Amino acid sequence: MKKHLTFLILLILTAATGYGQSATSDADSKIVTFRFQPGKDMFVLKGNETELTRLYSLVDEYHDRITAGELPIRVDGYCASRATEKANLHTAYLRANRVKSELITQKGLKEGDFITANYATAYNGDKDVVVVTLRIPVKTETTKPVVKEEPKTETRTETKPEPQPTAKEQPAAPVTETVPETPAPVRPYHFAVRTNVLYDAMLLPTLGVEWRINPNIGVKLDGSLAWWGGETGKTMKVWLLNPEVRWYLLHDKRFYAGVSGSYGEYNIYKYMVGNILSKDTGYQGSLWSAGLTVGYQLYLSRSFSVDFNLGLGYVRSEYDSFGMTNGVRVYKDRDKTKNFWGPTQVGINLIWTIGGHK
């Protein structure tokens, strides 16, 4: 009886040993590890060139079997550098997608060629890594025809730790959701309505429009009109047109430089502007200017901004000067001109933007 019992035990141990050997030798795991910068999810090539080259070589070697569904690529994201489990899982998910995006765009693979898992834990002490595993079945005399099956984490030969209870399988993200490494281009507003509050405060109401031809170029036209007073007493009758072409600069397209001109006519006596020029002299004539402008737009909300601008250039004015005696206009000078280099415009503009992504 003891002999039979001993024989049975040996038989069971032999079978168990054989099973363990076949389980560890039925596949050859190719492991590639990519390291990420703590707190960031962008895939940085520096420091990962060698591993990326090795992964490209493996994909090229087994490309047909991968795309046929025989050798799915396992992509595991690990992150333990964030403050919360949710943030770690989200970062691991983004990083895994970065690596998959490299293979999809460079090697022509599809989302269905991957199996993805993400963990809020470290991998062999590394808190910010993505591990890519390609399990190549080893052919033996007793090997059955290759059957497509998902790799099992229990049979891995690498020293990857077992997933913690906090680990959550994430559904494969569609290719269209993969975020490119370069920032998305700015899409500014298409149209804007504006008013210069400085001119408004000087009793010269101003209304303008701007059309953004593309993210870099805009065309603006402002018009000002004041029609106060009469032939006697205080008078301020002014109209002014100010066209401008702008080039928006830098990534966020808030700074700009441009070229502008203006033309208008005026008849001013003892109004706000007239008081600044002279207390007892009125001016009637026309002016035009040309110059350069610089400015900056401060975004207040999705639809409103404040535009600060300053123009410098050449101004020419042709005018008559006059005074008033018993309600009668008496001219002092005729056909006078004045030319100078200096400010051509200044503004603090309230803007209502329409269309685009602001």
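A residue counts as buried when its relative accessible area is under 20%, as exposed when that area is over 50%, and as partly exposed in between. The views below all show a predicted model.

View 1. Most residues other than glycine have a negative phi. The relative accessible area of K253 is 15%, so K253 is buried. L203 lies in the loop between α5 (197–201) and β6. With a relative accessible area of 33%, L203 is partly exposed.

**View 2. The barrel of eight strands.** The strands close in the order β5-β6-β7-β8-β9-β10-β11-β12, with antiparallel pairing. On average, neighbouring strands of this sheet are turned by 20° against each other, direction ignored. Strands of a sheet pair through backbone hydrogen bonds.

**View 3. Strand β3 and its partner β2.** How many of the six residues of strand β3 are buried? Six of the six residues of β3 (residues 114–119) are buried, so the strand is largely enclosed by the rest of the structure. F114, T116 and N118 point one way from β3, while I115, A117 and Y119 point the other way. β3 pairs with β2 in the parallel sense over six bridges, and V75 stands opposite T116 in β3. Together, β2, α4 and β3 make a right-handed β-α-β unit.

**View 4. The largest nonpolar core.** In soluble globular proteins, nonpolar side chains tend to be buried together. The largest core here has 24 residues, and those with the most contacts inside it are F34, I73, L103, V132 and L134. Two or more residues come from each of β1 (27–35), α2 (49–61), β2 (73–79), α4 (85–107) and β4 (128–137). The element that gives the most to this core is α2, with five residues. Another core lies apart from it and has 10 residues, among them Y199, M236, Y271 and Y319.

**View 5. The surroundings of L103.** Which residues are in contact with L103, leaving aside its neighbours within four places in sequence? They are L55, Y56, V59, I73, G108, L109 and F114. One of them, I73, is listed with L103 among the residues with the most contacts inside the largest core.

Technical notes:
Residues are numbered from 1 along each chain as its sequence is written. This is a predicted model: local features need pLDDT of at least 70, side-chain atom pairs count only at pLDDT 80 or more; totals for chains, interfaces and linings use all residues. Side-chain values use heavy atoms; hydrogens and water are left out. Two strands pair if DSSP finds at least two bridges between them. Helices (H or I, at least four residues) and strands (E, at least two) are DSSP runs, numbered from the N terminus. Axes are lines fitted to C-alpha atoms, for helices over the stretch in contact, and angles run from 0 to 180 degrees between N-to-C directions. A nonpolar core is a set of buried Ala, Val, Leu, Ile, Met, Phe, Trp, Tyr and Cys residues joined through side-chain atoms within 4.5 Å. Buried means under 20% relative accessible area, exposed over 50%, partly exposed in between (1.4 Å probe, protein chains only). Contact means heavy atoms within 4.5 Å. A crossover is right-handed if, with the strands pointing away from the viewer, the path from the first strand over the helix to the second runs clockwise.
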